[in-house]
Amino acid sequence: IQTEDYDGGLPSAQKVSMLFESCKGKGVENAAVGIHCKAGFGRSVILACLLAIDRFNLRGEALLGWVRLIRPGSITHDSQERLLCSMRGRNDLAKQLERMAGGEAVAVDDDDPKATKTCCGIQ
């Protein structure tokens with residue numbers, strides 16, 4: 001699934017859906033999935049994190065911390081961090097993908113003190 005080259009940002013909802021669809025059926029639900037980066041702008045890491053959230057119902061903040069430990073510098077844009085921090089699991093992912101498919105920006109809770117900041121001060 002190729003994504004457009006640009007400085008950071010998020011893969012489109014369409015690309016995320018394409019990834020999810022390619023990982024369903026044909027006996028690959030429990031198989032390993034390889035995702036390779038092209039330009040190093042964080043989109044591959046976001047796709048991998050979103051797939052992990054979908055498959056294992058993980059929290060985005062936990063994945064953000066894990067990614068920063070194993071691959072420092074791989075989250076390159078505030079929108080990537082905000083997206084992961086907005087995910088408390090599979091249900092939040094589904095809602096966020098609906099918003100993104102409708103052209104809306106990444107939604108964060110306005111009552112959340114992290115809404116205007118990054119969710120992790122150490123990068």
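Reader: Before I go on, what kind of model is it, and what are the ground rules?

Author: It's a predicted model, where local features need pLDDT of at least 70 and side-chain atom pairs count only at pLDDT 80 or more, while totals for chains, interfaces and linings use all residues. Residues are numbered from 1 along each chain as its sequence is written, and side-chain values use heavy atoms, with hydrogens and water left out.

Reader: Ok. How many helices and strands in the protein chain?

Author: 5 helices and 0 strands, so defined as DSSP runs numbered from the N terminus (helices are H or I, at least four residues; strands are E, at least two).

Reader: And what's in the largest nonpolar core?

Author: It has 25 residues, and F20 and L50 touch the most other members. By nonpolar core I mean a set of buried Ala, Val, Leu, Ile, Met, Phe, Trp, Tyr and Cys residues joined through side-chain atoms within 4.5 Å. Buried is under 20% relative accessible area, exposed is over 50%, and partly exposed is in between, with a 1.4 Å probe and protein chains only.

Reader: Which helix gives the largest share of this core?

Author: Helix 2, with 8 residues.

Reader: What does L50 touch?

Author: V16, F20, L83 and L93, leaving out residues up to four places away in sequence.

Reader: Switching topic: how do helix 1 and helix 5 pack?

Author: Helix 1 (residues 13-22) packs on helix 5 at an angle of about 135°, and their axes are 9 Å apart. That makes the pair oblique, since angles under 35 degrees count as roughly parallel, over 145 as roughly antiparallel, 65 to 115 as roughly perpendicular and the rest as oblique. The axes are lines fitted to C-alpha atoms, for helices over the stretch in contact, with angles from 0 to 180 degrees between N-to-C directions.

Reader: Which residues meet there?

Author: From helix 1, A13, V16 and F20; from helix 5, L93, L97, M100 and A101.

Reader: What about Q96, buried or exposed?

Author: Q96 counts as buried because its relative accessibility is 2%. Its side chain makes a polar contact of 3.3 Å with that of S86.

Reader: And where's F41?

Author: In the loop between helix 1 and helix 2. F41 is partly exposed, at 24% relative accessibility.

Note on methods:
A polar contact is a pair of N or O atoms within 3.5 Å; within protein, one must be able to donate a hydrogen and the other to accept it, and residues adjacent in sequence count only if both atoms are side-chain atoms. Contact means heavy atoms within 4.5 Å.
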